[in-house]
Amino acid sequence: MANEILEEHINKDYEFGFTTNIDSDTFAPGLNEAVVTALSKKKNEPEWLLEFRLKAFRHWLTLPEPNNWAHLNYPKINYQDISYYSAPKKKPELKSLDEVDPELLKTFEKLGISLEEQKRLSGVQSNIAVDAVFDSVSVKTTFRETLSEKGIIFCSFSEAVLEFPDLIKKYMGTVVPYTDNYFAALNSAVFSDGSFCYIPKGVRCPMELSTYFRINATGTGQFERTLIVADEGSYVSYLEGCTAPQRDENQLHAAIVEIIAHKDAEVKYSTVQNWYPGDKNGKGGIFNFVTKRGICLEDNSKISWTQVETGSAITWKYPSVILKGNNSVGEFYSVALTNNMQEADTGTKMIHIGKNTRSTIISKGISAGFSNNSYRGLVQIRKGATNSRNFSQCDSLLMGDKCGAHTFPYIEIKDKTAVVEHEATTSKIGEDQLFYCKQRGIDNEKAIGLIVNGYCKEVLNKLPMEFAVEAQKLLAVSLEGSVG
Amino acid sequence: MLAEKTNTAQLIIDKISATAGKVDFIDNDKLSKALMYLENKGIPSNKHEDYKYCNTDAVFKKEFKNIEQKLNTISDVKNYKLKDALTIVVVNGNYSESLSDKIILKGLHLTSFSSLDKEQKQKIGTLANVETDAFIALNTAFSGAGFYLKIADNEQLQIPIHILYVSSAGSEALVNPRNVIEIGKNAEATIIEEQICIGTEKVFTNFLSEKFVAENGKLKSYTFQNEGKNGFSVNTNQVSIERYAKYDNTTITLSGSLVRNNHNVVLAAQNCEAHLNGLFTTKDNQLVDNHTLMDHQMPNCESNELYKGIINDKSTGVFNGKIFVRKDAQKTNAYQSSKNILLSDDATINTKPQLEIYADDVKCSHGTSTGKIDEVAVFYLNARGIGRESANKLLLNAFAQEVIDKIEVDELKEKILTLFENEL
């Protein structure tokens with residue numbers, strides 16, 4: 001029975017696996033200083049940014065490729081085989097949506113992000129402002145004008161570099177320096193675009209801000225960069241979604257997200273990651289190597305990460321919070337689902353530096369098929385972080401006997417007033433739970449959906465409304481009949 | 001970096017080769033592999049994931065620059081003997097027949113490494129693979145003349161065996177005690193292993209024990225470590241247990257400048273169970289690192305771990321436990337718990353409780369918590385006329401009691417309780 005159901009799920013296809021035929025302007029594969037320079041030229045970047053890129057690139061060359069410390073198995077990546085820039089052939093400066101390539105718009109419609117719709121509804125009700133990143137460039141940011149009335153800056157990273165160089169200079173690389181790790185160095189050298197967001201003092205952003213990432217062209221990698229700055233007393237909720245076409249090759253996605261929260265500011269960052277996971281034999285799929293980190297720079301600030309990870313062949317991602325300000329709060333809520341041959345090594349780091357800092361980690365892993373799903377996290381209480389508090393809970397659910405679920409928590413405490421708790425469990429769906437449901441006339445599949453949904457509820461509840469619905473659907477699709 | 005690592009290992013090899021006894025009870029193939037491994041991998045530093053919080057390379061560089069191997073002879077161990085136990089004495093890694101009790105117990109066979117038969121020789125090194133860990137390699141290459149202890153099938157020993165490892169040196173020294181303990185089918189035994197360091201100089205003890213528990217055998221073992229300031233040690237226990245067998249270990253660490261315990265248990269057949277308990281108290285600049293592995297290879301097994309630490313002054317406590325459930329090990333029940341109290345602002349605790357699971361029908365969980373002495377509890381006692389200091393003592397005692405209570409040898413339990421209270 002279990003096997004049949006599993007079989008059915010394994011045969012399930014990736015529903016976002018289409019490609020869009022639009023003209024694109026793509027660099028030939030290869031990586032050297034000339035490529036980095038050409039990329040910078042292409043984007044009309046100022047000198048200082050080119051220098052930053054070159055510094056990062058030179059540093060990257062000195063780094064050894066990460067040896068397999070993570071619980072992941074993937075073929076060696078040939079960095080010379082990747083094209084580092086691909087853009088839809090664009091007309092200079094898009095003024096309205098009408099100017100956007102209709103093929104592109106269709107793509108977004110298929111993805112359920114109707115830019116048209118958003119436009120039409122604008123002014124009528126509060127909605128989501130979207131920055132859509134297609135391959136390497138941001139194609140359109142909606143609601144920019146509405147937001148700018150409040151002083152909020154929300155635009156593509158390239159535009160921000162030209163229009164707000166001071167802000168970019170001040171904050172870029174302060175949370176994730178290019179020396180941070182191999183993939184951060186690579187991204188710093190070749191990042192193509194991304195989003196920039198600045199919330200001024202005391203402003204509560206009236207709508208959800210959202211970025212959609214889509215890899216389309218073949219043979220390319222995507223390297224975007226997101227920078228969010230929340231000034232004193234501000235609040236923003238930020239969403240990120242990602243999909244990619246179905247291809248036989250592995251594509252590389254190496255992104256950086258930096259968040260800076262000033263005094264009393266709060267940033268909520270939610271991700272629904274659904275990159276193409278590869279087929280059931282593990283062919284193709286995205287290699288997702290992402291460095292996400294936020295810093296609670298001043299007192300009473302708060303950063304919250306929520307993620308639903310269902311895609312990617314390889315996931316390597318540790319959204320972290322540095323709790324520097326006193327009384328600051330860090331949160332990490334995660335659901336990671338792996339199926340077929342997928343592998344995920346994900347978790348978080350909570351670095352407590354300020355006094356009375358608090359952090360919460362709730363991680364729910366679900367593994368099915370032949371996949372491996374690992375939680376890897378660090379809770380560090382530095383000396384002087386008095387009365388710090390951490391609670392971590394990492395649960396794993398195994399479906400089928402060919403998958404693996406692992407937990408690797410690191411807990412380092414250097415302050416006696418800290419209270420740190422960690423608990424983890426691994427189990428499968430209980431026969432008694434299923435029996436209970438069936439007895440009440442709920443069939444096997446629905447019962448499993450119910451139980452898994454309940455299992456993930458703590459995390460899904462943290463997602464903004466629009467996303468929660470999507471995430472629930474995504475889980476349902478990815479899980480359909482997969483539990484036994 | 002690599003060259004630097006090799007240097008430490010090379011230095012050790014050079015310094016101790018001259019005085020090391022001949023290791024003729026381990027076959028040449030293993031010996032050369034051990035030396036090769038040691039020379040290639042070196043002594044692990046904190047760059048090595050398994051030694052992330054226990055930089056042994058740095059310890060050797062700092063504390064054992066001048067290994068001269070001037071070992072002392074010991075003529076009397078009366079003060080350390082337990083009344084109702086059979087004592088076996090190992091001095092600086094070598095089994096001492098003259099200091100040990102005469103073995104006249106039925107079913108108990110003790111053979112020194114120098115007079116092993118072929119079958120016994122083959123058993124050495126089967127659990128401790130020289131190519132997995134530098135300290136196993138180091139011990140193998142320079143193993144002391146230890147002993148092979150066998151409890152015959154169907155024998156239930158009534159009195160505990162007390163193995164006393166005494167190290168004493170007149171200069172910086174490295175000793176490598178080693179033994180093999182085999183519990184036969186349906187046999188039962190209680191073994192106490194106590195480590196002390198009584199010389200005037202620092203001694204690094206690289207202890208290695210291989211323990212086999214055959215079908216339906218039961219081994220209760222206690223490890224008591226109280227080596228004081230001059231004691232540095234890495235203690236490796238490689239245990240394998242068979243069907244219906246039961247292995248129990250309680251490790252109490254009261255002192256020692258560096259204590260690293262590698263306790264690896266292989267649950268090699270169905271329906272067996274293993275329990276590891278530990279209690280450590282640290283002060284000054286001590287480092288106590290408990291590293292455990294529960295390797296569940298077969299279905300229907302059970303394992304349990306409970307480790308508690310009290311960390312004071314500038315000392316560091318480490319707990320790294322791994323529950324490893326292999327593909328076939330369905331219906332595994334594994335539990336792990338680590339609780340720690342920090343008493344000082346300069347104390348550090350690092351814990352890494354890991355689960356690595358490849359079977360779906362299992363119940364595995366771990367929990368770890370760290371905190372200070374509960375102020376509410378102290379207030380409760382204060383309100384009843386108990387001063388702050390006594391209240392703290394009382395609470396720490398209660399905290400430790402859970403582990404100390406696992407000791408079923410009364411004499412040992414009382415001894416440890418007294419010493420523990422003095423430590424506070």
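Biologist: How many Å separate the centres of domain 1 of chain B and domain 2 of chain B?
Modeller: The centres are 25 Å apart, taken over C-alpha atoms. One caution: this is a predicted model, where local features need pLDDT of at least 70, side-chain atom pairs count only at pLDDT 80 or more, and totals for chains, interfaces and linings use all residues. Residues are numbered from 1 along each chain as its sequence is written, chains are lettered from A in the order in which they are written, and side-chain values use heavy atoms, with hydrogens and water left out.
Biologist: Which residues belong to each domain of chain B?
Modeller: Domain 1 covers 71-373 and domain 2 covers 374-424. Those bounds come from an automatic or database domain assignment.
Biologist: How many residues does each domain of chain B give to the contact?
Modeller: Domain 1 of chain B gives 30 residues and domain 2 of chain B gives 22 residues. Contact means heavy atoms within 4.5 Å.
Biologist: What area do these two domains of chain B bury between them?
Modeller: About 2,400 Å², with 72% of it on carbon and sulfur atoms. Buried area is the accessible area (1.4 Å probe) that two parts lose on being put together, summed over both.
Biologist: Which residues of domain 1 of chain B lose the most area to domain 2 of chain B?
Modeller: Tyr222(B), Lys308(B) and Ile373(B), together 26% of what that side buries.
Biologist: How many salt bridges are counted between those domains of chain B?
Modeller: Four. A salt bridge is a side-chain nitrogen of Lys or Arg within 4 Å of a carboxyl oxygen of Asp or Glu. Lys220(B) and Glu408(B) form a salt bridge at 3.4 Å, N to O.
Biologist: Now the chains. What area is buried between chain B and chain A?
Modeller: About 2,800 Å², and carbon and sulfur atoms give 48% of that. The contact takes 36 residues from chain B and 33 residues from chain A.
Biologist: How many salt bridges cross the interface of chain B and chain A?
Modeller: The rule finds one. Asp346(B) meets Lys383(A) there, 2.5 Å from N to O.
Biologist: Which strand supplies the largest share of the side of chain B that touches chain A?
Modeller: S19(B), with 10 residues. Strands (E, at least two residues) are DSSP runs, numbered from the N terminus.
Biologist: In which sense does S19(B) pair with strand S22 of chain A?
Modeller: Antiparallel, over six bridges. Two strands pair if DSSP finds at least two bridges between them. Within S19(B), Ile349(B) stands opposite Ile413(A).

Methods:
Helix = DSSP H or I, 4+ residues; strand = E, 2+ residues; numbered from the N terminus.
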